[in-house]
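Me: I have a model open and would like to understand the words used to describe it. Could you take my questions one by one?

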Amino acid sequence: MDMLWSGWGDPAKAAPLPGTVTGLLRDLLGVTPREHGPAALEDIAVPASPLTDDARRALAACLDDPAHLRTDAATRVRHTRGKSTPDLLRIRAGEVDDIPAAVLLPGTHDEVLAVLRVCAEHQVAAVPFGGGTSVVGGLAPERTTFVALDLRRMDALLGLDEVSRTATLQPGLRAPRAEALLNERGFTLGHFPQSYEWATIGGFAAARSSGQASAGYGRFDEMVLGLTVATPEGTWDAGRAPRSAAGPDLRQLVLGSEGALGVITSVTVRIRPLPQRRLYEGWRFASFEAGAAALRALAQDGPRPTVLRLSDETETFVGLAHPDRIGDAATDSAGCMAIVGYEGTEADTERCRAGAHRVLLAAGGECAGTEPGDRWAHGRYDAPYLRDALLDAGAFAETLETAAFWSALPELYRSVRQALTTTLTDAGTPPLVMCHISHVYENGASLYFTVVSAQGEDPVAHWAPAKHAANEAILAAGGTISHHHGVGTDHRDWYVREAGPLGIRVLQAAKAALDPAAVLNPGVLVPVHHP
């Protein structure tokens, strides 16, 4: 099943906002319903494909069936851009100026290689497309003519080594299917980001994804042991052992490369035994500062639970920690709510839980039992649907994230909140700015911000200055421009500053070696360099 073209996920799971929420939006933020809803898919004026006949024939010849090259309007619209709020607002308005010229569905590594060679020969850009969940402009290259390489046919579990606890997966395998295949053999990947229901294995690797259970299982890039990559210059294999001192780890050059250096065609990951028990609890803290100190104690000195999340006072009050009950007057709203989760054997889970209780109680926490944790687990993938409902109601809702060392986190939190609040208030649309710590490490943590305001006359233009101000605040406060959403085109200019001139030259040199014709997702990650 395809994702909803004008929103997130499965249309059957979409639900309108409760009346209490629409009233809150109206009274608090001045949100009013928009006069017109999304355009109908069949009413979108889709330009003819700019592919030349020669390029079309050459690309079709790369595939085992010419029908796997598609240029119909509906397929092209469904592969236009990603799922950021500006992406959705533009597609809902019928704007498709950066629509792919065609959608290709390769079925093998060799087919991907052949497609890339043809793209280089005909100067047609190629954009890998997994679940289409990018929220940073990762699917909108700076090239008029490009094709989307939809990898859905490459969706197999290629191998599972129970002795070494590794699995080799194809890139188009969506996360729920990958997890089901591993569960059948008694294993789990343990990777559950908010995009879990739609994102793919290749996308996780290409964007350095981080799942909600990262405190226990690690980030996706920590799980990857090997990759196979198709490039216009040939096949690139990276990683043949769990660790190596044979030069720099070239896997790290592929991870996070967002299709700019090649198309990932297989990923070997480490896997874990399927947990016997999963238990999630809620913990309440008097302040965000107190809760962050408690999470830091667990991250640095242990025991470390599998899930550690902390909503600030605003997010807790609104109820965004539990999207299925947002706006519910019965939701406890005092202080800050943390979600602490334990997964593993019965004995290990109970041992970690007992130790974590001692740390959290000593830090001033109050256990709220399993009910908040169960609610979070039940609604953990619902927030994107809530975003769609907010857009339908006339609100603007968007997210951004960053990370920093623990010592820099308080200033980072303050600076980004202030930048967003000041910019949007000055524009006449005072926002509600919420935040949570979503991933913790021994040395630091990530901050995930959610912003809700009225849309203004031009919602996309309305958001641009606020996003710019937030990005500037992130760099000034010592944060990274992205913790897990990636760079894309939206963050590229700030990533160039973060990486520095010499670092960018290193990446551009790698791109020139792998992609001399500059057809791999041009403009994503690094500035366009035309040969």
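Reply: Happy to. Let's start with a definition: contact means heavy atoms within 4.5 Å, and angles run from 0 to 180 degrees between N-to-C directions. Keep in mind that this is a predicted model. With those terms, helix α15 (residues 383–392) lies across β16 and β18, and runs at about 140° to β16.

Me: What makes α17 a helix that lies across strands, and at what angle does α17 run to β16?

Reply: Helix α17 (residues 459–476) lies across β16 and β18, at about 10° to β16. On a scale from 0 to 180 degrees between N-to-C directions, the value for α15 is about 140° to β16.

Me: Which sheet holds β16 and β18, and in what order do the strands come?

Reply: They belong to an open sheet of seven strands, ordered β15-β12-β14-β13-β17-β18-β16 with antiparallel pairing.

Me: Why are β15 and β16 said to stand at the edges?

Reply: Each has a single partner strand, so one side of β15 (366–369) and one side of β16 are left without a neighbour in the sheet. From one strand to the next, the twist in this sheet averages 20°.

Me: How do you know that β12 and β15 pair, and how many bridges join them?

Reply: Two strands pair if DSSP finds at least two bridges between them. Strand β12 (residues 277–285) and β15 run antiparallel and are joined by three bridges, so the pair meets the definition. To find the place on your screen, look for Gly282, which stands opposite Gly369 in β15.

Me: What makes β8 and β10 partners, and how many bridges join them?

Reply: Six bridges join strand β8 (residues 224–231) to strand β10 (residues 263–270); the requirement is at least two. Gly226 stands opposite Thr268 in β10. On the β6 side, four bridges join β6 to β10 in the antiparallel sense, and Thr268 is the bridge partner of Thr168.

Me: Why is Asp10 called buried?

Reply: Buried means under 20% relative accessible area. Asp10 has a relative accessible area of 18%, so Asp10 counts as buried. Asp10 is found in the segment before α1 (19–29). Leaving out residues up to four places away in sequence, Asp10 touches Met1, Trp198 and Tyr385.

Me: What lines the largest pocket, and how much space lies in it?

Reply: About 600 Å³ of space lies in the largest pocket. Its lining has 29 residues, with Arg208, Thr480, Ser482, His483 and Glu498 nearest the centre. The elements that give two or more residues to this lining are α10 (251–254), β16 (395–405), β18 (444–454) and α18 (492–514). By kind, the lining residues divide into 13 nonpolar, 12 polar and four charged.

Definitions and conventions
Residues are numbered from 1 along each chain as its sequence is written. This is a predicted model: local features need pLDDT of at least 70, side-chain atom pairs count only at pLDDT 80 or more; totals for chains, interfaces and linings use all residues. Side-chain values use heavy atoms; hydrogens and water are left out. On a 1 Å grid over the protein atoms alone, a cavity is a set of points where a 1.4 Å probe fits but cannot get out, and a pocket is an open set with protein on both sides within 12 Å along at least five of seven lines; lining residues have an atom within 4 Å of a point. Grid points are joined across faces, edges and corners, and a volume is the space filled by probe spheres set on the points. Ala, Val, Leu, Ile, Met, Phe, Trp, Tyr, Cys and Pro count as nonpolar, Asp, Glu, Lys and Arg as charged, and the others, Gly among them, as polar. Buried means under 20% relative accessible area, exposed over 50%, partly exposed in between (1.4 Å probe, protein chains only).
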